[in-house]
Amino acid sequence: MAAKRITPDDISRPGGQLVELDPAQFRPLPSPYDKLELEPKIRCLTREQMDRFECGLDGVSAVMLPRPESENDKRAMLEKFLAGLKRLFNGHDNWTFLQPLLLTMEYCSQCQTCSGACRIFEESGEIEIYRPGYRSGILRRLYKKYVKSGGKILSRLSGNDIDLTWNLLARLLELSYRCTICRRCAQACPIGVDNGLVTREIRKIFSQELGIAPKQLHELGTVQHLRKGSSTGMTPPGFLDNIEFMEDEIREKTGLDFKWPIDKAGADILLVHNAGEYLAWPENPEAFAIILEAAGINYTLSSELSGYDGVNYGVWYDDMQLARVAVRHAGIAKKLGVKKIVIGECGHSHKSLTVIADRILTGDLNVPRESSLTFLNEIVKSGRLRLDPLRNADMQVTLHDPCNMVRLMGIVKPQREIIKAVCPNFREMMPNGVENFCCGGGGGFAIMPNLNFPDWRISVAGRAKLRQVLDVFQDIISSEHKKFLCAPCSNCKGQIRDLFSAYGVFERCNILYGGLAELIVNAMTDIKNPFQQWEWR
Amino acid sequence: MPLFDCGSFNIEVDEDGFMQDTGAWNQEIAGALANAEGVAEMTENHWKIVNYLREYYLKFGIAPMVRKLCKETGFSLKEIYTMFPSGPAKGACKVAGLAKPTGCV
């Protein structure tokens, strides 16, 4: 007998998990992962962990919310949530996103077009609670009952009543971390309803009103970024030490006597990478350095607090932190007197600094910003680099479109023009461009290693991307062929690394991943030895 | 907070077994953590890696780049994985009493 379909009423009910996850129900993967026994496991929480943390949604804990000690604690949090809910719909308190949020609350006609666009919902085997409309339906009922005048009576009469209970609160928090905010749903919606924004605004109530957010986003994320200089914990002296090491590497790899321009006042450009690149994928900032040097670009990096880390985790959960980081970045550029900021290969940096910061930065703080994708493409097209695409001919290449650069900002062609100029064997995943599938690590997921959440992120959130990558290379899937997935975003690379590791994709299928700038350098004829190393990273 | 059993005493660790109070680290704790990470015996080579990580961490407040770790200690990444089966970050750094890596790494 089919299980009873979950309804919005169920989220308030007491008791254990709303749904049990069963990998046998997930959409099957193509070869060589078409057997269930090859599926990585989603670990069950231990009894002790279940006693400590709320996990009543699907048995997964992304946020590690401790179970409250008393009924009074629960009541206090419910009151804060309710106050925050009201503020969310007040123009003085939510000037950033009120209009699209109101449109989403008032005009959704429940046509479910978004459900077919949501990869998490589809890949999970259509688990009801992951439906984009389920999440926003809960917020809509809360809004109509507790925010709109006469809501309590009208909600009951319309049959859309909802009870704001502790169980609802704890489950809604987790549910706001089951969506990567890729905004495919918003793109598919015929009237522009934005359920991705709903996810983000729910997270915002929890962070701004209750002080609840995943530790990696807040305490070790934006707070550490502002205080220590980077969400990686890298301090300015640590950054300079890494720079020195990478300068040595560049010398060894290329023979160039290279010195990085740091804090150079009056440079044309401030280049800001995601600091994770320096630690996990140093070949990416090194490749930028080689390209910019060869093209004769007058640029600088910054060693100021936060100036060497372009991330802005506030974009995922909190307006205040978002603004603080954006203003810090713009202030550093203003002080250096650069003409523009160029943002490295990091998707959410693009979103925060180019798109959202436009609503925050005023006057001379509004320094022009540009994507590294268009910037690199101009350099490649200018002819200032001597390029031989045959140097990348030993592998088949495909391209991942990071949601924030591509769907959100519409940067589609520049990265393709670059790849076509430097790689003779390029093939497109389907779908691609603005229709792409998220890597599964968006919305902060790639950096949240809490409890069994990484298992869910791999098996459910990353599933669509893995399928796409296997499909595009299906005719040459055996390990004798070298295949490369170009992903010009640090966050996506982190997710792809974990996804590939979990399934053994490099060992089994010989598919490696990496950034875009590295492919350019690998094609530069002035560099004697190959820049790209065919080894797992 | 979960506790980790070092034999004669316990230390506080996070959900992934990283030390909470990294200042309380000593060789005895390192030995116990190594054991839990699948290291049968801490050899001179193991200590070379752990001591380098520890010194770097005390100086810069963060783990070094993996490539720097390899270069400075003279071990390849593969050799480090052989010595610390869970790898440089989740294995060697944990044994050296470093905090869990954060950010987009």
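1. In this predicted model, Ile191(A) sits in a loop of chain A, between α9 (184–188) and α10 (195–210). Its relative accessibility is 54%, so Ile191(A) counts as exposed, the cut-off being over 50%. Together with Leu103(A) and Tyr107(A), Ile191(A) makes a nonpolar surface patch of about 330 Å².

2. Helix α10 of chain A holds Ser207(A). Ser207(A) counts as buried because its relative accessibility is 10%, and buried means under 20%. Leaving aside residues up to four places away in sequence, Ser207(A) touches Ile212(A), Ala213(A), Tyr317(A) and Asp318(A).

3. Next, the interface of the two chains. The size of an interface is often given as the accessible area lost when the parts come together. Between chain A and chain B the buried area is about 2200 Å², and carbon and sulfur atoms give 54% of that area. On the side of chain A, the residues that lose the most area to chain B are Asp241(A), Phe245(A) and Leu279(A), together 26% of what that side buries. In terms of contacts, 38 residues of chain A meet 18 residues of chain B.

4. Six salt bridges are found across the interface of chain A and chain B. A salt bridge joins the side chains of Asp241(A) and Lys68(B), at 2.9 Å from N to O.

5. Which helices of chain A each supply at least two residues of the side that touches chain B? They are α1 (47–52), α11 (218–228), α12 (236–254), α13 (276–280), α14 (283–294) and α23 (490–503). The largest share, 10 residues, comes from α12(A).

Key: Residues numbered from 1 in each chain as written. Chains lettered and ligands numbered in written order. Predicted model: local features only at pLDDT ≥ 70, side-chain atom pairs only at ≥ 80, totals over all residues. Heavy atoms only, no water. Patch = residues over 30% accessible without salt bridge, like charges linked within 9 Å, V, L, I, M, F, W, Y side chains within 5 Å. Areas by Shrake-Rupley, 256 points an atom, 1.4 Å probe, with all protein chains shown as cover. Salt bridge = Lys/Arg side-chain N within 4 Å of Asp/Glu carboxyl O. Helix = DSSP H or I, 4+ residues; strand = E, 2+ residues; numbered from the N terminus. Buried < 20%, exposed > 50% of the residue type's maximum accessible area, 1.4 Å probe, protein only. Contact = heavy atoms within 4.5 Å. Buried area = accessible area lost by both parts, 1.4 Å probe.
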